[in-house]
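Here are some notes to read alongside the structure. Take them one at a time, with the view open.

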Amino acid sequence: MSEIIVIGGGAAGMMAAITAARQGAGVTLLEPNERLGKKLNITGKGRCNVTNDCDQETLMANIPGNSRFLYSALTRFTPQDTMAFFEALGVPLKVERGNRVFPVSDRSFDISGALERELRRLHVRLLRERAAAITVENGAVTGVDTDKQHRPADAVILATGGVSYPGTGSTGDGYTMAAALGHTIVPPRGSLVPLESDDADCAAMQGLSLRNVEATVYNGKHKPVFREFGEMLFTHFGVSGPLMLSASAHLRRWDKETYTLSIDLKPALDEQKLDARILRDVGENPNRDMANILSGLVHRSMVPVLLRRLALPEGEKANSLTKEQRRRLVQELKHFTVSLTGPRPVAEAIVTAGGVKVGEVVPNTMASKLVEGLYFAGEVLDVDAYTGGFNLQIAWATGHLAGLSAAEENENEAHE
């Protein structure tokens, strides 16, 4: 029986361990955290967006980072396979807006708990040890040196994650181990990450959450590179929230492009209807301050910012609003612009782009092209996707393929 060590007890690592053990391999899972799936448990605001119930074409379209490399893994283990896998483990699932899949219970612990039970059922050995180095002789894996001792193995699956959320154990150790074996590491950067702005208005409105707005990000050539409805948040450094995390995955050329965020605060009204509403509000309350009129249109913390942008004095009365000022107010409400200066540090990202260069990995097995018996799964690879369950689908699919390949290839070698 072949002995396989999986380094990393996150989504990809647990899936790899389960798959290899189901093939009859002896599997040891190394995870220094006191809990498995620590990052998995905080995904989807603690609800765990397991996958996206979409077709292959949609899935590939939502992976900007090396989707062609992932084609084999994602056709071998589709979103529908992921759903069947968890349902078989006793976790009922539901599909929500945008085909996002969640446990019916809305509890991410039900997902990690089901994986842990399956690991126990399959007698996967769980060791609370930190891997320090993968040992190699004559170009083939011989085992893993941990912080406790040397652990021999016929194959090693590296599934340590990226460098986002270092508090969950994603410390970049996998990059160090892969680089020590000759693998190229594409410098990691945040993919789903809040965005910074030099606009003082963001800090002035920090803590303000906007719902049901449409956000558009334009590049320097005024071409829209992202547009979506949803929620966002102003912070002391710029902007955050689901919309901004989604936008960040599309903004990959900070060195060459300048980006501007435009927020439609009233997407349900076109400019004509919005103008008519303002006219009505002013007509009904001609002697009220414009600040009061505006507080009927936007949150009160946004009122001083709008007055400043429109160059309206503090006590300006509604009946003195000129047609030109009204036109500019409509423009601000439909196109509230904020300059963007860059992403937040990678440690604040939900997902890391960058990692082990995919050109050095066999796409239909996840095996290293440089070291025999070494496999990769999940975020340690230079792959990333947009929000909506696509990143976890990558973890499940690459974990499944790495586990399958490691068990099968080592079993074949044992019989030769």
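**Notes on charges, strands and the chain**

1. Let's begin with a pair of neighbours: Lys-256 and Asp-255 join their side chains in a salt bridge, with N and O 3.5 Å apart. Lys-256 is exposed, at 60% relative accessibility, and Asp-255 is exposed too, with a relative accessible area of 64%. Keep in mind throughout that this is a predicted model.

2. Salt bridges with shared partners also link up into one network, made of Asp-199, Asp-201, Arg-308, Arg-309 and Glu-332. In total, the structure holds 26 salt bridges.

3. Now try Glu-118, which pairs with Arg-22 in a salt bridge whose closest N and O atoms are 3.0 Å apart. Glu-118 sits in helix H5 (residues 108–121) and Arg-22 in helix H1 (residues 11–22), so this pair ties together parts that are 96 residues apart in sequence. How accessible are the two partners, Glu-118 and Arg-22? Glu-118 is buried, at 6% relative accessible area, whereas Arg-22 is partly exposed, at 42%.

4. Glu-129 and Arg-151 are worth a look as well: their side chains form a salt bridge at 2.5 Å, N to O. Glu-129 is in the loop between strand E6 (125–127) and strand E7 (131–137), while Arg-151 belongs to strand E9 (residues 150–152), so the bridge ties together parts 22 residues apart in sequence. Glu-129 counts as buried at 6% relative accessibility, and Arg-151 is buried with a relative accessible area of 13%.

5. On to the strands. In a regular strand, side chains alternate between the two faces of the sheet. Strand E10 (residues 155–158) has Ala-155 and Ile-157 pointing one way and Val-156 and Leu-158 the other, and all are buried.

6. Which strands pair with E10? Strand E1 (residues 3–7) pairs with E10 in the parallel sense over four bridges, with Ile-157 of E10 as the bridge partner of Val-6. Strand E20 (residues 374–376) also pairs with E10 in the parallel sense, over three bridges; there, Leu-374 of E20 stands opposite Val-156.

7. Finally, step back to the whole protein chain. Its secondary structure comes to 13 helices and 20 strands, and its C-alpha atoms fill a box of roughly 90 × 40 × 35 Å along the principal axes. Of its 416 residues, 55% count as buried. Among contacts between residues at least 6 apart in sequence, 72% join residues at least 24 apart.

How values were computed:
Residues numbered from 1 in each chain as written. Predicted model: local features only at pLDDT ≥ 70, side-chain atom pairs only at ≥ 80, totals over all residues. Heavy atoms only, no water. Helix = DSSP H or I, 4+ residues; strand = E, 2+ residues; numbered from the N terminus. Buried < 20%, exposed > 50% of the residue type's maximum accessible area, 1.4 Å probe, protein only. Contact = heavy atoms within 4.5 Å. Pairing = 2+ DSSP bridges. Salt bridge = Lys/Arg side-chain N within 4 Å of Asp/Glu carboxyl O.
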